[in-house]
Structure formats: structure tokens, C-alpha cells
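This short report walks through a few local features of one model. Please keep the sequence and the structure in view while reading.

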Amino acid sequence: MTHNTPLSPRPLRHLSEIHRRVMTAAQLKSHGVGTAEMNEQCRPGGPWQQLLPGVLLLHPGPPTGEERLHAALMYASRERTPGVPAQPNAGEEHAAPAYPEVMITGLAALTLHGFSATPPLTALDTVDVLVPRMRRLRSAGCARILRTSALPTPRQVTGIPVAPVPRALADAVAELTDASAVRRLLTEAVRGGHCEPASVVRELNQAKLLGRPHVVDAVDSLLAEGRAIAEDRLYAMVHEHGLPDPVWNVDLRLPGGPHLGGLDAYWPEQAVAVELDTRAPRQEEDALWSEYARKRETLERLGITVVHITPKKLRDGTEQQAAVVRTALMAAADRDPAAYVVVLPR
């Protein structure tokens, strides 16, 4: 019997291609394959092999990267509900298998998201699988089980549930001690447009990784990279949407008085300012937000309109943000004149 031979009482032809190559013992039993027959097929030199506890590979060669991913997901989800795990409906040959409350994370997830700084799936020794904290399951073989009290919403990549990039990054960084490898991953996450620095730092903070020196150094580089990208997007927004040229990167002061704060863009005639909100959610977040709020309140008391823009809004809604700034500039004529302030290069 080969792995393509229909089994009684249910044939395999209704299953997706991956499920003809990787199946759990419970699934095989539902197709009429008993324990003794499985053991015989998995004998040394036999046509099948046990890839993980209760998960069989129905061919003798090494598993592909896709097979290892599905095997790890089957292993992590097989004990969640008694009986046979969910299967595609008859006739839905290419439907994705159901893997409730489990997802790929770590380096394997980043590879699936399209990162170039991660190894190919076949080169990974382990596949990280994220499961709820209360699951009674141990790591085995190529499947490393990671638990969390709050599962993120997975993204489907080629039919595989994958943790969002910030969570996958945090899980990958937790296992890395090479500072350059951590820096490469974090940099690609931002340069590649996968996510914003703030979401990465938030996950690293929740994972209690910001106490590691090599992670802190990489985060500092990440934040500098993120700000530079956001500034470039702000320049592009002004020019591509026909806004008048502001003065860039300036400090404001009251004549002979205190420093009022730095701004990324300022239109002196209209007394409109743009400030990029590139705060990272670290332990000092409350203090930083208080500083932002105090500066904004002070400037608005002086009649200066402050437009806060986050890097994410600049990336995903440039046209909308340009409209907000344009509206503020046009409304200047209807406002009382702002207090005189000194504009200095920053």
C-alpha cells in the first residue's frame, strides 16, 4: 500500500494535497487504518514515518518545509478536541485545514511573511507554534510549543495560520543571542514595510526582552530607522499633495523666553505645526506622553495648531493626513493671530 492508496471506509481523494502526505493517527483511523498497520508502515525502511507524536508523514523521504509546518500545527491542535481534527469538506480539495487556536510564530512565521533575513523553512531545526497558555502540550521533535495568555489574531499565509509580524519577531528574538541577527530582523521589519517600530517595541516590552543589552541596542537602531522613514514619508506627503513648503525640523521659543519644543514641520504664516508621534511603548511611555501633551497644550494656548501624525497613518493614509494638514492651513485665516514665536533650526 502506498500513501496514495485509497483507504476504507473513507477515501483520501477529498483531502487537500498536503493532507494526503501528512495525517494524524486519529485521521488515519477514521480512514480504516489500525494501529498495527500504522506501525507496520512506519517500520525502519517502510513507506511512512512518524514525524511527531501522533503525526505521520506518508512518504519515506525527508519532509518539505510545508509538511513540517502542517505537522507541527496538527500536533499542536490534535488534542484540543476529542476525535478527528477538522477536515476540508468533500469536493474542497484545496481548502485550508482548520487549526483553531494555534499558529506558527518565530523565525518560521517571519519566513512565511517574506523576510529575507530568516533561513528557509527546510533549514530551521524547529518550528515555533503559539498555543493558549492552558494547553497541556510539550515540545516534541521539530515542534517547539510557545504558550501565551492572549493569542493574537493570526494571518493566513498560503493556508497556514501565522502570528502577526510584531509577535513573531518577539518570539524569534527571545531565542537569539546574536546582536547582528536581531538588528537585521528588526531593521527588515521596518524597511520592508511589515510593521511600525512602535508595535515591535510593544511586543518586545511585553515579552520582557528590553532588559537584554543586545536587544536594547537593536531597538535604538530600529527607532532611528523608523523615524528616518517617517520623515521621508512626511516630505513626500507635502510635495506629492501640493502643500505649501514648511520650515523643517525647527525649535520654537518665546522671545527671550523658554524653549517651547521641537517640531518636524512648521508653517509660520498659518501657525500650523506637524509633529511625528514616533514614541515607542517602553517603560517610560507615560512620561513621554505627558511631555507630548504638555507641549501641545502650550503651543495651542499660543494659537498654534498642532497636527499629530503617527508613522502608521503616514504609511496607510497619506492622502487623508495631507487633507488634515491642508484643512488646518486653510482654517488659519479664521483664527485669531498666534503669538509671536522665534523659529530656530533644530
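## A pair of helices

Helix H6 (residues 165–173) packs against helix H7 (residues 179–191) at an angle of about 175 degrees, and their axes lie 11 Å apart; H6 is therefore roughly antiparallel to H7, a term for angles over 145 degrees. Helices here are DSSP runs of H or I with at least four residues, strands are runs of E with at least two, and both are numbered from the N terminus. Axes are lines fitted to C-alpha atoms, for helices over the stretch in contact, with angles running from 0 to 180 degrees between N-to-C directions.

Val-165, Leu-169, Ala-172 and Val-173 of H6 meet Val-182, Leu-185, Leu-186 and Ala-189 of H7, where contact means heavy atoms within 4.5 Å.

## Basis of the model

This is a predicted model, in which local features need pLDDT of at least 70 and side-chain atom pairs count only at pLDDT 80 or more, while totals for chains, interfaces and linings use all residues. Residues are numbered from 1 along each chain as its sequence is written, and side-chain values use heavy atoms, leaving out hydrogens and water.

## Two residues with positive phi

Thr-158, although not a glycine, has a positive phi of about 50 degrees, and it lies in the loop between strand S7 (155–157) and strand S8 (160–162). Asn-249, also not a glycine, has a positive phi of about 50 degrees, but Asn-249 lies in strand S9 (residues 247–253).

Note on methods: Angles under 35 degrees count as roughly parallel, over 145 as roughly antiparallel, 65 to 115 as roughly perpendicular and the rest as oblique.
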